[in-house]
Amino acid sequence: MYQDLSDADFIGSRDIDYAGLKLCDILNEKNKKIQYEYDFGDSWIHTLVLEESQDNAILLLPICLAGERACPPEDCGGPWGYQDKLDILKDKNHEEYWDVLDWMGEEFDPEEFDLELINLYLTNCLS
């Protein structure tokens, strides 16, 4: 589901045939914003803004220019559940500390952001 934020009065999703739909079909004007919800059970709401677009035959794939923090693990309870797990990991005396650490993995670093890996994913998902 996505929501076009260019009309402040618009609430909800449009009746759209998503088959074959590309992001550029929706997000096609500078400063246009859309929201989409990932994982309806956990309600991860994402806002995408087209800050700039270039007609450039050399750049055929999307790229990520910047970002921050790691992607939360799947099924972690949405934004609130994820924050609860991060809070638990700050307190080694918390009764759920070892369970959460085992579930998220000792190597998980919520502050890590790997720009090169993100761009690799974007390249591979489209080729």
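These legends go with a few close-up views of the predicted model.

The model is predicted, so local features need pLDDT of at least 70 and side-chain atom pairs count only at pLDDT 80 or more, while totals for chains, interfaces and linings use all residues. Residues are numbered from 1 along each chain as its sequence is written, and side-chain values use heavy atoms, with hydrogens and water left out.

View 1. Starting at the N terminus, the order of elements is β-α-β-β-α-α-α. Helices (H or I, at least four residues) and strands (E, at least two) are DSSP runs, numbered from the N terminus. The chain has 127 residues, and 21% of them count as buried; buried means under 20% relative accessible area, exposed over 50%, and partly exposed in between (1.4 Å probe, protein chains only). Take the contacts (heavy atoms within 4.5 Å) with a separation of 6 or more: 51% of them come from residues 24 or more positions apart. The accessible surface is about 10000 Å², and carbon and sulfur atoms hold 51% of that. Those areas come from the Shrake-Rupley method with a 1.4 Å probe; for residues, only the protein chains shown count as cover.

**View 2. Helix 2, residues 78-89.** Its twelve residues reach 17 Å from first C-alpha to last, close to the 16 Å expected at 1.5 Å a residue (that is, 1.5 Å times one less than the number of residues). Gly78, Gly81, Tyr82, Lys85, Leu86 and Ile88 are buried here. Looking down the axis, the buried residues of helix 2 fall within an arc of 160°, so they line one face; the arc is that of the directions from the helix axis to the C-beta atoms. Their cover includes strand 3 (44-49) and helix 3 (97-104).

**View 3. A nonpolar surface patch made by Leu117, Leu120 and Tyr121.** The patch amounts to about 290 Å². Patches take residues with over 30% relative accessible area and no salt bridge, joining like charges within 9 Å and nonpolar side chains (Val, Leu, Ile, Met, Phe, Trp, Tyr) within 5 Å. A salt bridge here is a side-chain nitrogen of Lys or Arg within 4 Å of a carboxyl oxygen of Asp or Glu. Leu120 sits in helix 4 (residues 115-126) and is partly exposed, at 45% relative accessible area.

**View 4. Ser43, a non-glycine with positive phi.** Phi is about 60° at Ser43, which is found in the loop between strand 2 (33-38) and strand 3. Ser43 is partly exposed, at 27% relative accessibility.

**View 5. Arg69, with a positive phi near 65°.** Arg69 isn't a glycine either, and its loop runs between strand 3 and helix 2. At 34% relative accessibility, Arg69 counts as partly exposed.
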